[in-house]
Amino acid sequence: MFKIFIVEDDQGLVKLLEEYLHKFDYETFAVTDFESINTQFRQYVPHLVLLDVNLPKYDGYYWCRQIRSLSTCPIIFLSARDGKMDQVMGLDNGADDYITKPFDYDIVLAKINSHLRRAYGTYAAQAEGRPLQVQGLRLDRERLCLFLHEMRVELSHTEMKILDELMIKSEQVVSRDRLLEKIWDEQIFVDDNTLNVYVTRVRKKLSALGIEDALQTVRGQGYRLVPSWENTP
Amino acid sequence: MRLFLREQRPVIVIYFIQLAVVTFVYWLDGYRNAAVSMYAVLLSSCLLVGYLVFRYLTHRSFYRRLQEPAESIGDFTDVKPSSPLSESLHRLLKSQYRHYISELSGQTEKIEGHIRFINQWVHQMKTPISVIHLMVQQESDSRSVAIADELDRLRKGLDMVLYTARLDQFEHDIYVETLGLEKLVRSLITAQKRLFIRGKVFPVIEMEPQLSVVSDEKWLTFVLTQLITNAVRYTLRENGKLYFRAYAKNGRTMLEIEDEGIGIPESDLPRVFDAYFTGENGRRFQESTGMGMYLAKEICRKLGHELDIESEEGRGTLVRMKF
């Protein structure tokens with residue numbers, strides 16, 4: 001299990017980050033005494049550090065240099081400062097990445113995963129956390145595959161994202177806007193009609209696994225994945 | 001010279017009155033030799049002219065300084081004083097200058113302190129916003145969605161404060177580089193995807209690829225975000241489109257953002273770039289501050305880009321940037 005060291009003085013933010021990371025099987029340690037970050041680092045020996053810039057007493061740049069003299073583990077800055085100079089300073093002081101506040105969970109997780117993969121290569125599979133699973137239906141995000149028992153279908157990137165969102169919130173209604181937000185990226189902008197097409201494709205993939213009527217349309221609200229299939233093989 | 005003569009006019013007038021009075025008194029006394037009187041007038045006039053010439057020569061620089069407007073605040077210090085009057089004026093100006101400078105530097109310091117405070121405050125506000133943002137991110141009930149929308153507005157407001165404060169120190173805060181235009185626009189649209197999805201507006205990119213511009217990414221991003229926000233906000237009908245076009249023309253790169261929104265009334269059009277001007281649309285839509293377009297224009301001016309706007313009420317608005 002990977003250990004993540006969080007240096008951030010806002011307790012609310014730390015709590016939310018920890019809760020989220022625990023969901024993905026990461027172990028975390030949040031610094032509460034900002035005088036002796038060095039010692040705590042040496043005791044905990046983390047695989048990765050999340051570091052704020054504005055800290056009591058010394059700033060994050062200082063602690064970044066201190067940590068660098070102890071370890072070569074990935075360090076990611078979390079900061080409200082979005083200036084180019086701040087980012088350059090962060091990287092110059094030995095950090096590997098820089099995330100500006102306010103940030104999305106997805107971004108933090110993606111960056112953590114990618115740095116862990118870089119730094120500890122062979123553990124790659126482990127770094128991705130558990131495959132998402134709902135009643136025997138498994139989604140492999142990395143290989144773009146969906147499994148039910150021994151059966152398997154391949155998915156497109158967009159279909160994977162839709163299933164990802166629906167399975168995380170299985171039995172809850174996921175709004176169309178939310179799904180649109182999920183699948184928008186710099187290459188494809190999706191409108192309402194395109195979303196319909198994608199949802200139809202997802203239904204087809206599910207029926208290829210023998211799952212019918214599990215993906216329901218909730219009029220005026222969105223979609224819901226109801227685990228109606230048999231769990232036992 | 002003219003000021004000098006005007007200044008000396010009473011002396012000259014008094015002198016001639018006095019001359020006339022004296023001559024008159026002698027005339028009444030019975031001394032009536034006109035030739036001698038004329039001679040006396042001539043002699044004393046020569047004396048007067050001599051005095052005036054002397055006076056003018058010694059005070060020339062003084063009068064010149066009074067007549068010519070100062071080029072800058074510290075302009076007077078290089079003139080050498082040559083008479084008691086000009087010397088005391090010089091001293092007065094100098095002491096005033098000192099007071100003025102000390103007051104001014106006090107003010108500058110205050111403003112800088114204020115800007116520093118605002119910067120710090122905005123950054124402090126970003127942490128609570130992050131916390132709320134994370135709290136509502138995983139939820140999809142209507143309350144959380146509403147909170148997330150309000151948060152977006154808060155973030156935009158904070159950015160506006162930050163950029164307004166920074167505008168005065170623009171020169172210290174600029175980093176010019178070559179930017180791929182299409183890539184920039186695409187990442188901007190993605191950053192604003194919530195806005196597009198909520199507003200049910202769809203972006204259409206019609207750009208010549210490989211176009212690039214020389215600019216500062218952060219400031220340019222701010223300006224474009226501003227333009228996009230406006231365009232989406234004023235597109236009221238569903239499934240409206242927002243066109244992004246870029247092309248090269250006469251050696252300059254153009255970027256157009258055209259919406260299918262409500263447009264701007266013709267009477268408001270010349271003033272959209274004025275500070276605090278909200279216009280008719282601003283009054284119909286509550287959150288206008290009238291600062292967005294002003295800031296956009298001001299930043300473009302400083303970056304050396306041109307920004308103009310065409311609009312037809314009810315048909316849409318086109319904003320064009322020339323790099």
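**View 1. Pro102(A) sits in the loop between β5 (97–100) and α5 (105–120) of chain A.** This is a predicted model. Lys101(A) and Pro102(A) are joined by a cis peptide bond. Its omega is about -10°. Keep Lys101(A) in mind, as it returns in the next view among the contacts of Asp52(A).

**View 2. Asp52(A) lies in strand β3 of chain A.** The strand covers residues 48–52. Is Asp52(A) buried or exposed? The relative accessible area of Asp52(A) is 4%, and the cut-off for buried is under 20%, so Asp52(A) is buried. Which residues touch it, once neighbours within four places in sequence are set aside? They are Val7(A), Glu8(A), Asp9(A), Gly60(A), Phe77(A), Leu78(A), Ser79(A) and Lys101(A). The position also carries an annotation. An unreviewed UniProt entry gives the feature "modified residue: 4-aspartylphosphate" at Asp52(A).

**View 3. His149(A) has a positive phi without being a glycine.** The angle is near 55°. The residue is found in the loop between β8 (145–148) and β9 (151–154) of chain A. With a relative accessible area of 26%, His149(A) is partly exposed.

**View 4. Gln210(B) also has a positive phi although it is not a glycine.** Here phi is about 75°. This residue belongs to the loop between β2 (201–207) and β3 (212–216) of chain B. Is Gln210(B) buried or exposed? Its relative accessible area is 76%, so Gln210(B) counts as exposed.

View 5. How does its radius of gyration compare with that of a compact globule? A compact globule of 323 residues would come near 20 Å, but chain B has 35 Å. Of its 323 residues, 39% count as buried. Chain B exposes about 19,300 Å². Carbon and sulfur atoms supply 57% of that area. Now consider contacts in chain B with a separation of 6 or more. Residues 24 or more positions apart account for 70% of them.

**View 6. Four residues of chain B form a nonpolar patch on the surface.** They are Val13(B), Ile17(B), Val21(B) and Val25(B). Together they have about 330 Å² of accessible area. Take Ile17(B) as an example. Its place is in helix α1 (residues 2–28) of chain B. Ile17(B) counts as partly exposed, at 48% relative accessibility.

**View 7. Asp152(B) forms salt bridges with Arg155(B) and with Arg194(B).** In the pair with Arg155(B), the closest N and O atoms are 3.9 Å apart. Arg155(B) is partly exposed, with a relative accessible area of 31%. In the pair with Arg194(B), the closest N and O atoms are 3.0 Å apart. This pair links distant parts of the chain, 42 residues apart. Arg194(B) is in helix α6 (residues 193–199), while Asp152(B) is in helix α4. Arg194(B) is buried, at 17% relative accessible area.

**View 8. A network of salt bridges brings in residues from chains A and B.** Its members are Asp177(A), Glu181(A), Asp149(B), Asp152(B), Arg155(B), Arg194(B), Arg198(B) and Lys200(B). How many salt bridges does the structure hold over all chains? The total is 35.

**View 9. Glu312(B) forms a salt bridge with Arg315(B).** The closest N and O atoms are 3.6 Å apart. Glu312(B) is partly exposed, with a relative accessible area of 45%. Arg315(B) counts as exposed, at 60%.

**View 10. Trp219(B) lies in helix α7 (residues 217–233) of chain B.** Its relative accessible area is 0%, so Trp219(B) is buried. What does Trp219(B) touch, not counting residues up to four places away in sequence? The list is Tyr163(B), Arg166(B), Leu167(B), Phe170(B), Asp173(B), Ile299(B) and Leu303(B). Val176(B) gives a further distance to check. Trp219(B) and Val176(B) are 43 residues apart in sequence. In space they are 10.0 Å apart, C-alpha to C-alpha.

Technical notes: Residues are numbered from 1 along each chain as its sequence is written. Chains are lettered from A and ligands numbered from 1 in the order in which they are written. This is a predicted model: local features need pLDDT of at least 70, side-chain atom pairs count only at pLDDT 80 or more; totals for chains, interfaces and linings use all residues. Side-chain values use heavy atoms; hydrogens and water are left out. Patches are made of residues with over 30% relative accessible area and no salt bridge: like charges are joined within 9 Å, nonpolar side chains (Val, Leu, Ile, Met, Phe, Trp, Tyr) within 5 Å. Accessible areas come from the Shrake-Rupley method with a 1.4 Å probe; for residues, only the protein chains shown count as cover. A salt bridge is a side-chain nitrogen of Lys or Arg within 4 Å of a carboxyl oxygen of Asp or Glu. Helices (H or I, at least four residues) and strands (E, at least two) are DSSP runs, numbered from the N terminus. Buried means under 20% relative accessible area, exposed over 50%, partly exposed in between (1.4 Å probe, protein chains only). UniProt positions are given in the numbering used here, feature names are shortened, and annotations may be inferred rather than shown by experiment. Contact means heavy atoms within 4.5 Å. The radius of gyration is taken over C-alpha atoms; the globule rule is 2.2 Å times the number of residues to the power 0.38.
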